[in-house]
Amino acid sequence: MTYAALIAQARTTAALEAVAERLGWDQETMMPDGAGPQRAEEMAAMAAVLHARAVDPQVGDWLAELDEAALDDVARAQVRLMRRAHDRATRMPADLVAELARTRSMAHRAWAAARASEDVAAFLPHLARIVALKQQEAAAVAGNGPAYDALLDDYEPGATGAEVAAMFDALRPRLVALRAACLDRPAPAGLTGHFAPEAQMALAGKVAVAFGYDLTHGRIDRAVHPFSSGSGLDVRITTRTAADDPFNCLYSTIHEVGHATYEQNIDRAYLMTPVGRGVSMGVHESQSRIYENQLGRSRALTGWIFDQMRDAFGDFGVADASAFYLAVNRLRPGFIRTEADEVQYNLHVMLRFDLERALIAGDLAVGDLEAAWNDRFARDFGYAVDRPSHGLLQDVHWSEGLFGYFPTYTLGNVYAGCLHAALRADVPDLDAALAVGDTSPATHWLRDKVQRHGGLYAAREVITRAIGQEPGEGPLLDYLEAKFGAIYGV
Ligand code: ZN
C-alpha cells in the first residue's frame, strides 16, 4: 500500500512537470511577446508547487517505511529514483534555493549584456557569486565527497569527476593530433547559395519521420534554439533555419529527433512515472549524437539525404553524393563549441570541464578564468581567442549555474561511439538500408537496447548492457580516426 501511495504521488508530480515543461515550450515557440511577465509568474508558481512536492515529509515517511524486498525490479527502480529526488531536494536549504534562483536570473542577464559588449569584467562578479553558491550547494548535497561530483550527479547520476577526467585524458591527445592533421590538408568545398526556409522545414519533417519520429505524438516548430521537450505521448522538438546554411536546420533536427524518439520509445508501461524518462543527460546525448553523426553524417545515409536535398532545392551546386559527404563532414578552424564538427567538439567540452572543476574545487579563481581559458584554447587549437564572445563568454551554462553539465555532452559522444560499434557488429548490412533512407535497423536496435528501458537501469549500466562490456573512449576514437583519416588522407 505504501508503494501504491508513493507511485500515485509520483504520477501526479510527473503530470505537473509535463505542464511546467509545456509552458517552457510555449514560451519559446508560440507565446505572444507581451505575455512574458505573466508567464514568469506562471512558471514560478509551478516551480514552487513542484519543489513543495519534492520535499513533502509524507514522501520521506513512506520511503522510510517501505519494504523494498517485497518489490519487483521495476518498482525498485521507481523507488530508487523517488528516493534520489527526495534526498537531493531535502538536502538543499530553502534560502539557498531562493538565493540561487535570484542570482541566476541576474547573472544570466549580465552575461547576455557582457557578451554583446565583449566585457568580461562586467560578468565576473556575477560569476563569482554563482560559483560561491554552487560550492554551497555541492557542500550541502555531497557531504564529504568531492564538491564537483555532487553537481555532476544532478545531470549524470553515478558519474564521478575522476572517472570523467580519466576518459577525457585518454581522448585529448588523439583528438588534438587528428584535428591538426586534418586542418593541414586542403578543406573540401562547403555549400553556397540560398535555401528557402519553408523547403528546409519540409525536408526536416521528412528526415525526422525517416528517423522514426512519431508526429502523432510530437510536432516540429521553429525557435531560436533547437531543443526537445516532453515525454511519453507528447514529445515536441524545435529547429531553426538559416537561408545560407541548410545543414544547421537538417542536423539540429536530426539531433533533437534523437532526444525525442528516446522519450517516445520508452516502454509505455512506465508512462508518467519516474522510470518513464530518459535516464541521464549523457545517455540522452548518446541518442541525439548517434542519430546526428554516426548515422546522419555517414557516407551511406548522406547519399540518400543528397537526393532529398536535390528534390527540395534543385541543383544546389554540389556535383554528386561523394562531394556532398565531404561538404557535410568538413573541418574548419573556429572558436565556437556549438558550431564545431565531430573531431573538434569534444576538445571544446574538455576545456570547459577542466576549468569548471577547478573553479568548484577552489583551485582556480574566477579572476584568473579568462587567462586560463585562453591559454588552454591556444594549446589545444593552435591559435589565440580573438574576443571574449569567442572565448569564455560564448556559452550560457555558467551564467545559469549549470556546473557539471558540459561533460555530459562528451560522455554522450563516447557512449554513442560504443553503441555504434556494437550496432555495426550486430547489423553488418546496415549501410544497405541507410543508403535508401531506411534507418529502422539502427533505430530499432537502439530502441531495444537503450531507449525502451527509460530509467529502469542506472545510466552507465544501460550502456554496459547494450554493448556487452564497460563503455570506454576507444570506439569513438577509432571511428573518428577511420572516418576523418579516409576523408582527409591522414
Ligand atoms: Zn542534445
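Author: Rings of Phe, Tyr and Trp (for Trp, the six-membered ring) pair if their centres lie within 6.5 Å; planes under 30 degrees apart count as stacked, over 60 as edge-to-face, and the rest as tilted. The model is a predicted one, in which local features need pLDDT of at least 70 and side-chain atom pairs count only at pLDDT 80 or more, whereas totals for chains, interfaces and linings use all residues. Residues are numbered from 1 along each chain as its sequence is written, and side-chain values use heavy atoms, with hydrogens and water left out.

Ring pairs join Tyr-155, Tyr-345, Trp-373, Trp-398, Phe-403, Tyr-405, Phe-406 and Tyr-409 into a cluster. A search of the whole structure finds 21 aromatic pairs. One of them is formed by Phe-306 and Phe-324, whose ring centres are 5.5 Å apart and whose planes stand at 50°, so this pair is tilted. The pair connects distant parts of the chain, with Phe-306 in helix α12 (residues 299–313) and Phe-324 in helix α13 (residues 321–328), 18 residues apart. Helices (H or I, at least four residues) and strands (E, at least two) are DSSP runs numbered from the N terminus. Phe-306 has 6% relative accessibility and counts as buried, and Phe-324, at 0%, counts as buried too. Buried means under 20% relative accessible area, exposed over 50%, and partly exposed in between, with a 1.4 Å probe and protein chains only.

A charge sits over a ring if NZ of Lys or CZ of Arg is within 6 Å of the ring centre and within 35 degrees of the ring normal. The charged end of Arg-465 is placed over the ring of Tyr-457, 3.9 Å from its centre. Arg-236 lies over the face of Trp-25, at 4.4 Å from the ring centre.

The sheet comes next. It is an open sheet of three strands in the order β1-β3-β2, with mixed pairing. The strands β1 (220–222) and β2 (228–231) stand at the edges with a single partner strand each, so one side of each has no neighbour in the sheet. From one strand to the next the twist averages 20°. Two strands pair if DSSP finds at least two bridges between them; β1 and β3 (residues 234–239) pair in the parallel sense over three bridges. Ile-220 has Ile-237 in β3 as its bridge partner. Helix α1 (residues 2–29) packs on the sheet and touches β1, β2 and β3, its direction making about 25° with that of β3. Helix α10 packs on the sheet as well, touching β2 and β3, and its direction makes about 165° with that of β3. Axes are lines fitted to C-alpha atoms, for helices over the stretch in contact, and angles run from 0 to 180 degrees between N-to-C directions; contact means heavy atoms within 4.5 Å.

Helix α10 (residues 246–264) also holds His-255 and His-259, four residues apart, about one turn of the helix. Both histidines are buried. The protein donors of the zinc ion are His-255 (NE2), His-259 (NE2) and Glu-285 (OE), at 2.1 to 2.3 Å from it. Donors are N, O and S atoms within 2.8 Å of the metal (3.2 Å for Na, K and Ca), and sites may look incomplete because water is not among the atoms. Along the chain the donors follow the spacing H-x3-H-x25-E.
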